[in-house]
Amino acid sequence: MRSAVTVSLTASAVLAGGLFAGQAQAATPVPSITAPGGFVMNNGTGTTLYGKAADTRRSTGSTTKIMTAKVVLSQPNLNLDAKVTIQKAYSDYIVAKNASSARLIVGDKVTVRQLLYGLMLPSGCDAAYALADKFGTGTTRDARVKSFIGKMNDEARRLGLRNTHFDSFDGIGSGQNYSTPRDLTKIASSAMKNSTFRTVVKTKSTQQKVTTKSGGYRYMSWTNTNKLLSTYSGAIGVKTGSGPQAKYCLVFAATRGTKTVIGTVLASPSEVNRAADVKKLLDYGFAR
């Protein structure tokens, strides 16, 4: 009788110990990040996994270009192989704004698909300008650009984003270019439904053959500014951003098994802090 009781008590203790251990393991501590704003969600379910000032409006820097690409890819009857002639206005803009560049050459004919790579990998503001000029409507370049930015805001409204507004095609705005960690994550999640977008943003580097003004060709080489692709297992995108106001931003996504975690950090004080914050948030997202 005593032996049976002992066995019963021992089994209960083992079960209880296992339960408590499981609970302790499940209670993953919420990470502390240096960025003033952050948000993470399960991309498959839309479940929020983490938030810090998730709905506070902030400057977005070049993460704006996620919406630029999304608007282009949502155009009806889009021909990704259509060629766009690079205008002097695009290179003049880069010089005037001291902006990041895809180093596009005036007179070259570059396909829409190639411009998307130039937009998202080296964060080319010249590529962004070319796309806005191509896909806006109007009889002048200024009108077409204004129209394109209008399409960006229309898309934000369509997605139900109340804390997002664009006044530029590339993030170099005049004070009215803002979003939030939650909104940017939703924009990216929606954009990632497009196969071309997914292919572009997960590309570490590419070499593209473009047609020159004289009818010959040259190769353009672009490397992705998103170092997460090389430093975090399962990383699949999406876009860096930086600037005097925006500081260091990253909209990020990674997949492990059947789970995709997607999120945003805004206004990290440095690239090192940004990288550390994102790793913490992804690890936390996968542990949830």
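What percentage of the 288 residues of the protein count as buried? The figure is 49%, where buried means under 20% relative accessible area, exposed over 50%, and partly exposed in between (1.4 Å probe, protein chains only). The structure is a predicted model, in which local features need pLDDT of at least 70, side-chain atom pairs count only at pLDDT 80 or more, and totals for chains, interfaces and linings use all residues. Residues are numbered from 1 along each chain as its sequence is written, and side-chain values use heavy atoms, with hydrogens and water left out.

Confidence comes next. The predictor's confidence in each residue is given as pLDDT, from 0 to 100. Its mean over the protein is 92, and 91% of residues reach 70 or more. Residues 1-25 stay under 50. Where pLDDT is low, the predicted coordinates should not be read in detail.

The protein has ten helices and eleven strands. These are DSSP runs, numbered from the N terminus: helices are H or I with at least four residues, strands are E with at least two. The C-alpha trace spans about 95 × 40 × 35 Å along its principal axes. Among contacts between residues at least 6 apart in sequence, 61% join residues at least 24 apart.

Helix H4 (residues 112-120) is mostly covered, with eight of its nine residues buried. Among them are Leu 115, Tyr 117 and Met 120. Beyond four places in sequence, Val 238 is in contact with residues including Ile 66, Met 120, Phe 197 and Val 251.

Gly 171 lies in the loop between helix H6 (141-158) and strand S6 (178-179). Gly 171 counts as buried because its relative accessibility is 16%. Beyond four places in sequence, Gly 171 touches Gly 61, Thr 64 and Asn 177. Gly 171 and Thr 64 are 107 residues apart in sequence, yet 5.2 Å apart in space, C-alpha to C-alpha.

Technical notes:
Contact = heavy atoms within 4.5 Å.
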